[in-house]
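Trainee: I am new to this structure. Could we go through a sheet and a pocket together?

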Amino acid sequence: MKMYGVEIEIIDINDNFPRFRDEEIKVKVNENAAPGTRLVLPFARDADVSVNSLQSYQLSRNTHFSLEEKSGAEGQKYPELVLERPLDREKVAVHDLLLTALDGGDPIFSSTMHIRVMVLDANDNVPLFTRSEYTVSVPENIPVGTRLLTLTATDPDEGINGELTYSFRNEEDKISETFKLDSNLGEISTLQSLDHEESRFYLMEVVAQDGGA
């Protein structure tokens, strides 16, 4: 009897798809993030080896992000989103992207993951009144507490960055004694009776200010 050593090589076939752990992920980025900002993404796994394993990633066409790949020491490929253009939450608050992982088999197998890029608000908008000047004419015998005018300003920012408060600016004592301004609603009402002979008109300045830094 003679003993011979036999080595059997099992040749891999492309019978596995690249797979992401999650079908969808959410990524948050500030709207004032600078171009070049990188966002790390989850990578896909493929149980095949060699050319049949994961070879590359592709990103759906869009105007703000590109895709770059990094390779780890063990050969694993890691995808990263790279911000190419400045973001504006007031124009587009959410960017929906598709990341595709591809292997090198024949035929090529692939899988996709949905990426929702949530743009976080920055305080980059100034409150604006609907008009720069308001004029109101009232009789002198209106009851105390009568609402004379409601000022309206808008700010497209969200959260505290879009919450407005109203206040008098540079007002004379006579203004603060005669009129009340609701800081939240922008309503101006009377605090005491008006007298045409004492004053024919009152000039006041109102500021709308948001809650951002």
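This is a predicted model: local features need pLDDT of at least 70, side-chain atom pairs count only at pLDDT 80 or more; totals for chains, interfaces and linings use all residues.

Mentor: Residues are numbered from 1 along each chain as its sequence is written, and side-chain values use heavy atoms, with hydrogens and water left out.

Trainee: In what order do the three strands of the open sheet stand?

Mentor: Strands are DSSP runs (E, at least two residues), numbered from the N terminus. Two of them pair if DSSP finds at least two bridges between them. Here the pairing is antiparallel, and the order is β2-β5-β4.

Trainee: Why is one side of β2 and of β4 left without a neighbour in the sheet?

Mentor: β2 covers 38–40 and β4 covers 65–71.

Trainee: Which residue in β5 does R38 stand opposite?

Mentor: β2 pairs with β5, residues 77–83, over three antiparallel bridges. Opposite R38 stands V82.

Trainee: Which element gives the largest share of the lining of the largest pocket?

Mentor: A pocket is an open set of points on a 1 Å grid over the protein atoms alone, with protein on both sides within 12 Å along at least five of seven lines; lining residues have an atom within 4 Å of a point. Of the 29 lining residues, the closest to the centre include Y134 and M204. β9 (147–150) and β14 (205–210) each give two or more residues. The largest share, three residues, comes from β14.

Notes. Helices (H or I, at least four residues) and strands (E, at least two) are DSSP runs, numbered from the N terminus. On a 1 Å grid over the protein atoms alone, a cavity is a set of points where a 1.4 Å probe fits but cannot get out, and a pocket is an open set with protein on both sides within 12 Å along at least five of seven lines; lining residues have an atom within 4 Å of a point.
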